[in-house]
Amino acid sequence: MWNTLRTPAWIARIVGVVGLLTVVDAAIPATRHRLHDVREVLPAVYPAAATTGALAVGVMLFLLSRALRRGKFRAWLLATVLTAITVILHLLKGADLPEAVVTVLILILMLCSRKNFTRSE
């Protein structure tokens, strides 16, 4: 099963779903107590900026899934960087720890699948 999940087709599906879920999560406001915890540490503008950033990154991840399916290395590289950024954005926009943990696991899966993405542009 591990080898199956590391194929370009499965990575593309997973990244597409992560992109869609990030967009949906950005559209849903953070719960008040989690947002209050973040605002105690950071200025109030950070959660709003992180929400906007998460929306943009989610759309880009969804769009990259097609190139990932074809095994494109540059798409893998960009999707890996955007997934790492998504982890930070989940934490900044409202301490979304479960989403951040799942995204870290997907980032690890993507890093382990590097050798399957070699096709040049």
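Reader: How far apart do the axes of α2 and α4 come, and at roughly what angle do they cross?

Author: Keep in mind that this is a predicted model. Here the axes of α2 and α4 cross at roughly 160°. As for the spacing, the two axes come within 7 Å.

Reader: Are α2 and α4 roughly parallel or roughly antiparallel?

Author: Angles over 145 degrees count as roughly antiparallel. The axes of α2 and α4 cross at roughly 160°. The pair is therefore roughly antiparallel.

Reader: Is the crossing of α2 and α4 left-handed or right-handed, and how many charged residues are in the contact?

Author: α2 passes α4 in a left-handed crossing. Sorted by class, the contact of α2 with α4 has 15 nonpolar and six polar residues. The charged ones in that contact number two.

Reader: Moving along to α4 and α5, at what angle do they pack, and are they roughly parallel or antiparallel?

Author: Helix α4 covers residues 45-69, and its axis lies 9 Å from that of α5. The packing angle is about 155°. That makes α4, relative to α5, roughly antiparallel.

Reader: Which residues of α5 make the contact with α4, and how many residues of the contact are charged?

Author: α4 brings residues including Tyr46, Pro47, Gly53 and Met60. From α5 come Ala75, Trp76, Leu78, Ala79, Leu82, Thr83, Ile85, Thr86, Leu89 and Leu92. By class, the contact of α4 with α5 holds 18 nonpolar and three polar residues, and the charged count is: no residues.

Reader: What is the handedness of the crossing of α5 and α6, and how far apart are their axes?

Author: Helix α5 spans residues 73-92 and helix α6 spans residues 97-112. Their crossing is left-handed. They pack at about 160°, with axes apart by 8 Å.

Reader: Which residues of α5 touch α6, and how many residues of that contact are charged?

Author: On the α5 side the contact uses Trp76, Ala79, Thr80, Thr83, Ala84, Thr86, Val87, His90 and Leu91. α6 answers with residues including Leu97, Glu99, Thr103 and Met110. The contact of α5 with α6 divides into 11 nonpolar and five polar residues, and the charged count is one.

Reader: Which element gives the largest share of the lining of the largest pocket?

Author: The largest pocket has a volume of about 170 Å³. Two elements give two or more residues to its lining, namely α2 (8-27) and α6. The largest share is six residues, and it comes from α2.

Reader: How many charged residues are in the lining of the largest pocket?

Author: Among the lining residues are Ile14, Asp25, His90, Glu99 and Ile106. By class the lining has six nonpolar and three polar residues. Its charged residues number two.

Conventions
Residues numbered from 1 in each chain as written. Predicted model: local features only at pLDDT ≥ 70, side-chain atom pairs only at ≥ 80, totals over all residues. Heavy atoms only, no water. Axes fitted to C-alpha atoms, helices over the stretch in contact; angles between N-to-C directions. Helix = DSSP H or I, 4+ residues; strand = E, 2+ residues; numbered from the N terminus. Left-handed = near helix turned anticlockwise from the far one by under 90°. Contact = heavy atoms within 4.5 Å. Nonpolar A, V, L, I, M, F, W, Y, C, P; charged D, E, K, R; others polar. 1 Å grid on protein atoms, 1.4 Å probe; cavity = no way out; pocket = protein on both sides within 12 Å on 5 of 7 lines; lining within 4 Å. Points joined across faces, edges and corners; volume = space filled by probe spheres on them. Parallel < 35°, antiparallel > 145°, perpendicular 65-115°, else oblique.
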